[in-house]
Each structure stands twice: as structure tokens, then as C-alpha cells.
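Q: Please take a close look at one helix in this model. Where does it bend, what surrounds it, and what follows it?

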Amino acid sequence: MNSRERVRRALEHAEPDRIPLDLGATPVTGMHVQSVYRLRQGLGLDPPGTPVKIVEPYQNLGEIAPDLAEALGVDVVGVGSPRTMFGFPNEDWREWRAFDDTPVLVPAGYNTDPEPNGSVLMHPAGDRTAPPSGRMPAGGYYFDAIVRQPPLDEAKLRVEDNLEEFGPLSAADLAHFRREVARIRATTDRAIVANFGGTAFGDIALVPAPWLKHPRGIRDIEEWYVSTVSRREHVREIFARQCEIALANLERAHAAVGEDIDAVFLTGTDFGTQRGPFLSPRAFRDLYLPFQKRLNDWVHAHTTWKTFIHSCGSVAALLPEFVAAGFDILNPVQWTAAEMDLAALKERFGDRLTFWGGGVDTQRTLSFATPAEVRAQVRECIALLGRNGGFVFNTIHNVQPRVPPENLLALYEAVQDHRGL
Amino acid sequence: MDDKLTAIGKALVDCNQALLCQEVEGALAAGLAPARILQDALVPSMREVGRLFEEGEFFLPEMLVAARAMKGAMAILGPRLAAADVRPLGKVVAGTVEGDLHDIGKNLVCTLLGGAGFEIHDLGADVKPARFVAAVQEHGANVVALSALLTTTMVNMKGTIDALAAAGLRKRVIVLVGGAPLSPAYAAEIGADGFAPDASRAAKLAARLVTERA
């Protein structure tokens with residue numbers, strides 16, 4: 001059974017020959033560059049000091065290069081936009097000095113400016129003449145969006161202002177997706193998760209639009225959340241227009257890549273906090289579900305792709321809604337949040353949702369526990385989730401920095417032990 | 001007079017900022033004492049908002065709308081309270097710890113603490129330990145509220161608590177901690193006095209601990 005067959009079997013809720021493994025196929029199933037560096041060193045893949053590429057500049061995720069994927073037996077690979085969260089392409093690599101001195105390479109557009117207090121600023125599309133759109137505090141490991149909220153005049157609110165980032169996929173973008181998918185199909189037997197962009201409604205990480213030079217409309221995080229209550233019809237109209245654009249783009253993307261991909265990343269909008277959902281099931285059904293359902297229905301009617309939803313936090317109360325919206329794959333399965341008992345989730349939703357994640361707690365265990373505790377937790381999670389397929393191993397969200405190297409090795413040793421590798 | 005207080009309370013629970021501000025202005029114009037408006041209308045109504053959140057009637061967006069309404073009301077009431085020399089329940093220095101830029105949770109905690117009758121000194125996000133120490137000294141605070149959203153920054157809470165100890169202030173202040181990656185066990189481990197899972201419970205906890213110490 002090759003990697004793609006293994007993943008597809010798991011997605012059909014049948015047990016594959018061994019648990020499939022994802023690392024780095026999406027921006028929410030990867031690893032911070034410091035941890036990638038430590039893992040590569042721990043596995044003996046590089047001489048000390050060999051830099052690792054930062055492939056996602058917002059969270060500073062490290063590249064899961066083919067040799068690392070091979071060493072770990074990773075079964076999935078991702079295809080995403082040719083532009084990063086800050087709007088520049090991943091090309092023309094050069095060395096860069098990270099706060100923690102991890103040797104890293106960044107693309108040419110990764111242009112940072114220091115601030116007097118030691119933090120660094122990032123500019124949209126690498127353009128230093130545009131106001132900065134990201135800030136990493138001194139000693140930090142990732143960027144946060146700088147909110148650039150123009151003054152809001154209730155009478156002049158325009159739906160178009162929050163649609164600037166949504167438009168038809170260009171011929172160049174479509175060629176990129178076609179080329180990348182063809183290259184992966186020709187060179188590996190791995191499953192592919194594609195993220196064509198523009199399919200998530202109200203993703204709070206994307207609302208500030210750090211890749212746009214001069215965003216208009218509602219861009220402040222608190223303002224956006226407030227708007228979902230106090231300006232709901234306005235938000236609904238944004239979603240309705242975005243949905244039409246997204247449907248047309250899915251059709252174009254399907255014409256470009258056909259059935260050569262296995263899953264499509266539709267949304268990373270977070271609907272859960274550590275303690276409970278961000279909104280009531282009723283509000284979810286009213287504002288989000290109808291649009292998500294249209295995308296899912298289109299994919300299921302026209303393709304063999306499975307659909308992927310990422311939502312952090314406690315979303316147990318919303319899982320019936322996710323199922324009703326038609327999603328096939330749930331990530332990151334944050335069982336460390338309230339009401340997210342893993343055995344209960346598998347019992348209630350395991351025949352309808354593939355759990356893509358949930359393999360180990362990255363908030364506490366991986367960062368702070370002993371290697372033995374990491375191994376024990378990985379074994380326990382696989383035992384709970386792996387039954388009857390419907391499981392792709394991944395950590396709960398991206399692996400953070402400051403993880404002891406021995407814990408990184410323990411994590412993958414436990415996974416490989418189970419997989420008989 | 002009670003009608004006016006009831007109307008204020010209802011406007012807050014309905015998250016109607018414009019109406020709330022109008023009602024507060026009206027009550028002041030009618031001669032109601034600012035302290036009475038705070039204690040008999042805003043504080044119990046904010047507690048009701050917290051209860052609705054804890055019981056799953058309100059969610060984060062509704063809390064943010066209610067917090068905005070409360071802030072609007074306090075902007076009107078605050079100067080009048082100060083002029084009337086109304087003593088706060090306690091003085092809070094709050095902030096997101098060094099290296100962490102997330103502030104929505106912290107802002108909400110500040111609003112609910114303010115709504116419970118505390119005087120708030122919000123230092124913002126990415127606050128170094130020395131700034132917490134200086135603010136406690138400057139304002140004579142008896143509560144320090146620390147927030148962190150990240151696994152990589154929650155460890156900086158301990159540095160802040162240690163800095164308070166080094167400055168000889170640790171016994172004078174109640175240290176409360178909160179944020180997504182935290183747990184009661186972690187709070188105890190770093191020597192905090194309390195942990196709250198959300199803003200509503202943070203306000204209740206602060207009020208209880210301050211009263212116990214008084």
C-alpha cells in the first residue's frame with residue numbers, strides 16, 4: 001500500500017496497513033522552524049548549523065523537505081498559493097537572523113525592520129514603502145497581524161471593501177496549481193491536500209489581511225467579532241459574495257488539477273476557544289453553515305475530493321453542524337479543550353469525520369513533559385483514534401518552538417513504533 | 001428612580017450601547033448618585049452578562065458588544081465617580097506578559113473587573129516584568145492580572161511574579177493569571193494566587209480574594 005492509498009483508505013473510514021502521517025501539508029499541520037531544525041539535527045539529516053527554510057512567514061513554519069518527509073514516512077504533501085500570508089512568493093532565499101539564533105533561510109520578500117523596543121516589523125508583499133502589517137515582539141517566534149483599521153463610518157460601510165482579497169484565480173495561479181500537482185504526482189506516491197484560498201468565511205487570522213497594502217472595510221479583530229452580532233446582515237452579504245467567487249474558483253481549480261488531489265482545505269476559521277465555542281450552534285447555522293454547505297456540496301457533486309475543516313478549540317457542540325455542512329475531515333481535534341473527550345468524539349463522529357490531528361498535546365505535553373510521557377500520550381491517542389480508519393496522525397496544530405529535542409524524537413519514535421517503521 | 005436603574009441594567013444586558021449611554025446621562029441629569037448607578041445598576045447587570053456567558057447564552061461576540069457598552073457607560077460615569085471620591089473595590093494592574101501581543105481576552109477581563117467595581121490600570125500587551133512592578137508601585141495596586149495566549153509566553157508569567165517578589169511587592173498584591181494554555185495546576189506551580197478560565201470568573205475571583213484579604 002503506497003502513501004496515497006493509505007490516506008485514501010483512512011479517509012474512506014477503513015483501516016489502512018498503518019496509520020497515515022501528515023507533517024506540513026497545511027499551514028496548521030506543520031512545525032515551527034526552530035523545531036524543524038532541532039528535529040533534522042536529532043535525526044542526523046544535517047551538519048550542525050545547516051539552515052532551514054521558513055516556508056510560512058507568519059507563523060515561521062519550517063520546510064518539511066523531501067529528505068525529512070522520507071525519513072519520517074510522511075504520507076501527505078500540500079499544495080498552496082504561490083504567495084505567502086504576507087503576499088510575497090517563496091523564492092530567492094537568503095540567510096536571516098532569528099531571535100533564537102536558529103539558522104534559517106527566508107525568501108527575498110521577508111523584509112523586516114527593527115523597532116526601538118527590539119521587535120521587528122514585516123511589510124505586505126515585502127514592500128517597505130507600505131505600512132507594516134506584521135510584528136514579532138523581541139525574542140518572539142512568530143508574527144501577529146498589525147491591525148490597520150481605517151475609521152469606520154457606519155453610513156459608508158461597503159461590502160466590496162471586505163472582498164478585495166477575494167477574486168477569480170488568475171491564469172498564473174491555475175498554472176501554478178496544475179504544475180505543482182503534476183510535479184508531486186510524477187515524483188511521489190503521496191496524497192495531496194490542496195488549499196486554493198478564498199474558501200474560508202470570516203477566518204479571523206485572515207481578516208486583517210496582512211498581505212494587502214492598504215486594506216479597507218472591517219479589519220480589526222474585535223470589530224469583526226462584534227460585527228458578526230451587530231452588523232450580521234452586512235457580514236452575511238460579504239459571505240454571500242465571497243461564496244459565489246469561491247464556487248467559481250473551485251470549478252476552475254478542478255479543471256486544472258482534476259482528481260489528482262485527495263483533499264481540499266476549505267476553512268481554517270476558528271470556531272472554538274479553549275473553554276467553549278466562539279458562537280452558539282444557532283448563530284453558526286444562521287451565518288456560516290449555508291455558505292460552507294454550498295462549497296462542500298459543490299465539491300462532493302463534482303469531484304472525488306474530501307473536504308477539510310480546521311477549527312481550534314472546544315467545538316464538540318458544533319460538530320453536528322460541521323457534519324451537516326458536509327465536511328469530511330476535522331483538524332486539529334483539540335481534545336485538550338473543554339468538552340472534547342477523545343473517546344467520546346470518536347464514538348459519536350468517528351464514522352462521519354476523519355480526525356486529522358489530535359495525536360499529541362502541543363500546548364503542554366510536547367513542550368513541557370518528559371519523553372516517556374510524550375510516547376505514552378502518542379500511543380494512547382493512536383489507540384483511541386486509529387480504530388476503523390478515519391484518522392491521519394498529526395499533532396494538535398503546529399508543533400511549537402521551545403520543544404526539547406528529545407521530545408520531538410520521542411514523538412516520532414512512538415509514531416514509527418506503531419507504524420512498524 | 002428605580003425605573004431608571006432598571007432601564008440602565010436592561011440596556012446593558014441587551015448590549016445596547018447607545019441606549020445605555022443615554023440612560024446613564026438621563027439618570028445623572030435626574031440627580032442619581034454616580035455610585036448608585038454603578039453599584040445598583042451596572043455592577044449587577046455586568047454580573048448578569050457574565051452569568052449568561054457562563055451558562056452558554058452569550059458567546060464571545062456578545063461579551064465584546066456588552067463590554068463596549070460598559071466602557072461607554074464608564075466613560076460618562078468615571079469622572080463623576082472620581083469627583084465624588086467613590087472608593088474602588090481594589091486597584092488592578094493588568095497586562096499581557098512579555099513577548100505576547102494578544103489582548104482581546106485581557107481587555108475583556110479588564111472590562112469585567114471594571115464592571116465589578118475595580119479601578120483598572122491596563123498596561124497593554126508585551127509588558128515587561130519591570131513595567132508591572134513600576135505600575136504596582138505607582139498606583140498602589142493590590143491586584144495584578146496577567147494574561148498569556150501562547151505556550152511559549154506563559155512561562156514569562158513566572159518571571160513577572162518573581163520580579164514582584166524581588167521588589168518586595170509580592171505579599172502586597174494578589175496575582176491572577178489566565179489565558180488559553182494555562183491551567184489551575186500551572187498557576188499554582190508558578191506561585192500565582194488564582195486562575196480563572198474566563199473574564200466573568202476572573203472578576204468574581206478577584207472580588208472574592210480581595211474581600212477575603214480585607
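A: Start with the bend. In this predicted model, helix 4 of chain B has a kink of about 40° at Leu77(B).

Now the helix as a whole. Helix 4 of chain B runs over residues 60–83, which is 24 residues. From first C-alpha to last it reaches 34 Å. That is close to the 34 Å expected at 1.5 Å a residue.

Past the end of the helix, look at the backbone. Just after helix 4 of chain B, Asp85(B) takes a positive phi of about 60°.

Finally, the partner chain. Chain A comes to 13 helices and 15 strands. Its radius of gyration is 21 Å, close to the 22 Å from the globule rule for 421 residues, so chain A is as compact as a globular protein of that length. Its C-alpha atoms fill a box of roughly 65 × 50 × 45 Å along the principal axes. Buried residues make up 52% of chain A. Of its contacts between residues at least 6 apart in sequence, 72% join residues at least 24 apart.

Terms used: Residues are numbered from 1 along each chain as its sequence is written. Chains are lettered from A and ligands numbered from 1 in the order in which they are written. This is a predicted model: local features need pLDDT of at least 70, side-chain atom pairs count only at pLDDT 80 or more; totals for chains, interfaces and linings use all residues. Helices (H or I, at least four residues) and strands (E, at least two) are DSSP runs, numbered from the N terminus. The expected span of a helix is 1.5 Å times one less than its number of residues. The bend at a residue is the angle between axes fitted to the seven residues ending there and the seven starting there. The radius of gyration is taken over C-alpha atoms; the globule rule is 2.2 Å times the number of residues to the power 0.38. A residue is buried if 20 or more other C-beta atoms lie within 10 Å of its own, exposed if 12 or fewer, and partly exposed in between; C-beta atoms are placed from the backbone. Two residues are in contact if their C-beta atoms, placed from the backbone, lie within 7 Å.
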